[in-house]
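Please read the text alongside the sequence and the coordinates.

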Amino acid sequence: MLRTLDRYVLREVTLPMVLSLAVLTFLLEMQVITRYGEDLVASGAPWPVILQVLGTLLPSALSLAIPMSVLIGILVGFGRLSADREFVAIQACGVSLTRLLRPVTLIAVVATAAAAHQTIVALPRANQAFREIVFGFVASQVENTIRPRVFFNQFTHRVIYVRDLPAEGGWRDVFFADAQAGNMVVYFAREGRIVLDAERRLVQLQLINGTSHAAAVSEPEELRSSAFESVTITLDPNTVFP
């Protein structure tokens with residue numbers, strides 16, 4: 001049962017602690033907003049996606065802000081009690097300074113549990129959600145950026161051309177040329193789509209039902225052709241969406 005003295009000490013410590021928690025969280029989040037917000041806005045991300053991304057980064061700020069805010073709250077609260085000579089009045093009433101540790105211990109236990117939850121539970125989940133949201137946005141942007149019957153050459157040494165965009169998603173009648181590592185490989189496929197591999201953080205191009213034609217740049221006369229049911233090619237999203 002909390003007594004009047006306990007409630008008074010809690011009020012004196014909690015108010016500066018909450019204010020410092022809000023300020024520290026805002027300052028820590030500003031670094032994140034500056035780092036990721038500009039990139040997402042420049043990439044054309046809608047505001048709901050941007051807010052979701054920034055929300056997933058909140059636990060990383062709270063895991064640092066909670067311990068610091070508790071320390072600031074205790075220092076400010078007890079500093080005010082000392083400046084107003086309230087410690088002298090409390091001791092004059094027969095209450096020892098050790099007795100004041102009970103409300104402080106309660107605050108410390110609650111803050112420790114909150115910080116541990118943010119660090120152990122909320123932070124890994126938020127990091128995973130951050131990766132899924134960002135890579136999902138990149139994958140959708142790659143599909144939406146490519147227009148039918150227009151050569152897309154923003155990937156280094158790679159060109160994509162699609163004839164049609166079905167309503168259900170993906171591409172139809174895909175031409176893909178890959179001129180990396182001194183080789184030229186050309187793919188013709190009936191269907192194509194972007195596949196997101198969140199676990200390995202990859203954006204991949206999957207071609208279905210087609211043929212491939214490969215030749216070395218040094219020996220262009222030696223052409224190797226083959227048919228495939230499905231082939232997966234890893235793309236580098238940083239070349240389009242830094």
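## Pairing of strands 1 and 2

In this predicted model, strand 1 (residues 158-164) and strand 2 pair in the antiparallel sense, with six bridges between them. Two of the facing positions can be named. V162 has V174 of strand 2 as its bridge partner, and I160 stands opposite F176, also in strand 2. In a regular strand, side chains alternate between the two faces of the sheet.

The hairpin formed by strand 1 and strand 2 has six residues between the strands. Within this hairpin, G169 adopts a positive phi near 105 degrees.

Strand 2 spans residues 171-178 and is mostly covered, as six of its eight residues are buried. D173 belongs to this strand. Its relative accessible area is 17%, and because the limit for a buried residue is under 20%, D173 counts as buried.

The backbone of D173 deserves a separate remark. D173 is not a glycine, yet its phi is positive, at about 60 degrees.

Which residue of strand 4 (residues 202-216) is to be considered here? N209 is found in that strand, and its phi is near 55 degrees, a positive value in a residue other than glycine.

Is N209 buried or partly exposed? The relative accessible area of N209 is 43%, so this residue is classed as partly exposed. D173, by its value of 17%, is buried.

## Overall organisation

The secondary structure of the protein consists of five helices and five strands. Their order along the sequence is α-α-α-α-α-β-β-β-β-β.

The protein has 242 residues, of which 38% count as buried. Its exposed surface comes to about 14,200 Å², with 62% of that area supplied by carbon and sulfur atoms. Among contacts with a separation of 6 or more, 54% are made by residues 24 or more positions apart.

## The second largest pocket

Rolling a probe the size of a water molecule over the atoms shows where empty space is left. In this model, the second largest pocket holds about 170 Å³ of space. Helix 1 (4-42), helix 3 and helix 5 (101-145) are the elements that give two or more residues to its lining.

The residues lining the second largest pocket are T14, M17, V18, L21, I66, S69, V70, L106, I107, V110, A111 and A114. Helix 5 provides the largest share of this lining, with five residues. What is the composition of the lining by class? The lining of the second largest pocket has 10 nonpolar and two polar residues, and no charged residues.

E12 has its place in helix 1. With a relative accessibility of 15%, and because buried means under 20%, E12 counts as buried. Leaving aside residues up to four places away in sequence, E12 touches G77, R80 and L81.

V76 lies in helix 3, which covers residues 58-83. How far apart are the C-alpha atoms of V76 and M17? They are separated by 8.5 Å, while the two residues are 59 residues apart along the chain. M17 is also one of the residues lining the second largest pocket. The relative accessibility of V76 is 43%, so V76 counts as partly exposed.

V41 is a further residue of helix 1. Its relative accessible area of 46% makes V41 partly exposed, whereas E12 is buried. V41 touches W47 and I50, when residues up to four places away in sequence are not counted.

Notes
Residues numbered from 1 in each chain as written. Predicted model: local features only at pLDDT ≥ 70, side-chain atom pairs only at ≥ 80, totals over all residues. Heavy atoms only, no water. Helix = DSSP H or I, 4+ residues; strand = E, 2+ residues; numbered from the N terminus. Buried < 20%, exposed > 50% of the residue type's maximum accessible area, 1.4 Å probe, protein only. Contact = heavy atoms within 4.5 Å. Areas by Shrake-Rupley, 256 points an atom, 1.4 Å probe, with all protein chains shown as cover. 1 Å grid on protein atoms, 1.4 Å probe; cavity = no way out; pocket = protein on both sides within 12 Å on 5 of 7 lines; lining within 4 Å. Points joined across faces, edges and corners; volume = space filled by probe spheres on them. Nonpolar A, V, L, I, M, F, W, Y, C, P; charged D, E, K, R; others polar. Pairing = 2+ DSSP bridges.
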